[in-house]
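Please examine the sequence and the structure below before reading on.

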Amino acid sequence: MQHRVLLVEDDEAISEMVRSYLVKEGYQVESAFDGEAAEQAFRHKGPFDLVLLDQMLPQRSGMDILQSIRKSSLVPVLIVSAKDTDVDKALGLGFGADDYISKPFSMIELAARVKAAIRRAEYATGRSPSGETIDQKASVTLGGMTVDLDNFSVLKNGEEVKLTAKEFHILKLFMTHPGRVFTKAQVYGMVWEEEYYGDENVINVHMRRLREKIEDDPSHPEFIKTLWGIGYKLGESVQ
């Protein structure tokens, strides 16, 4: 199966260089040169297996496009930027980017990161590179917690944990994307599949109830950690 990449880069020379290399590597590449074009391409020319997203873009920033993508999709996003600071990296990954590569970069490194990001996404969703379902991914086990993706059941240390549908999908979201940071808007968009209008109470209530069921000490959670001012992520101790 030929993977599809959305390449968002305003420098046409760099865009063509990257596009040509990825095409030679066997990818199908759709190019966009500004934020608005990227938004339209993602909505109307997808689906894509990965988005290669420059941070500095005309019309709309890369961070703006990333947030828009994360409202409806978990497609891997690889941020490309000339800004190589810890703050910028944390910002990009905090908004839901899967990886970050700084300019200048080698084509070999870029291709390796693209391949790795797509492979991780396929593993998390239970798909093989050919698009077939991977039987082993019927369940995910981390930190003594097993989530059965087919039967919608959860076991903690061998004992059943009874969750509501929303609680199950919240837990599944984090268990199948270890290391990924999700904002409250992203959690709401992925689980409720609706536009988020800032009602934090809905997220807070469901997260509190979920933690009461899965955490040994809900006031000091180990499975789903809060990153204040950003969102949530699966705890490193259970990954």
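Which residue in S7 is the bridge partner of Ser139? The model is predicted, and in it Asp148 of S7 takes that position.

**Strand pairing**

Strand S6 (residues 139-142) and strand S7 (residues 145-148) run antiparallel and are joined by four bridges. Two residues lie between S6 and S7 in the hairpin that they form, and Gly143 in its turn has a positive phi of about 60°.

S7 also pairs with strand S8 (residues 153-156), again in the antiparallel sense and over four bridges. Within this pairing, Leu155 of S8 stands opposite Thr146. The hairpin of S7 and S8 has four residues between the strands, and Phe152 in the turn shows a positive phi of about 55°.

**Salt bridges**

The count of salt bridges comes to 15.

| Salt bridge | Closest N and O atoms |
|---|---|
| Glu109 and Arg113 | 2.8 Å |
| Glu160 and Lys162 | 3.7 Å |
| Lys233 and Glu236 | 4.0 Å |

Glu109 and Arg113 are separated by about one helical turn, because they are four residues apart in helix H5 (residues 107-124). Glu109 is partly exposed, with a relative accessible area of 32%, and Arg113 is likewise partly exposed, at 24%.

Glu160 and Lys162 are both exposed. In the remaining pair of the table, Lys233 is buried, with a relative accessible area of 16%, whereas Glu236 is exposed, at 64%.

Salt bridges also link Glu39, Arg43, Arg60 and Asp64 in a network.

Methods: Residues numbered from 1 in each chain as written. Predicted model: local features only at pLDDT ≥ 70, side-chain atom pairs only at ≥ 80, totals over all residues. Heavy atoms only, no water. Pairing = 2+ DSSP bridges. Salt bridge = Lys/Arg side-chain N within 4 Å of Asp/Glu carboxyl O. Buried < 20%, exposed > 50% of the residue type's maximum accessible area, 1.4 Å probe, protein only.
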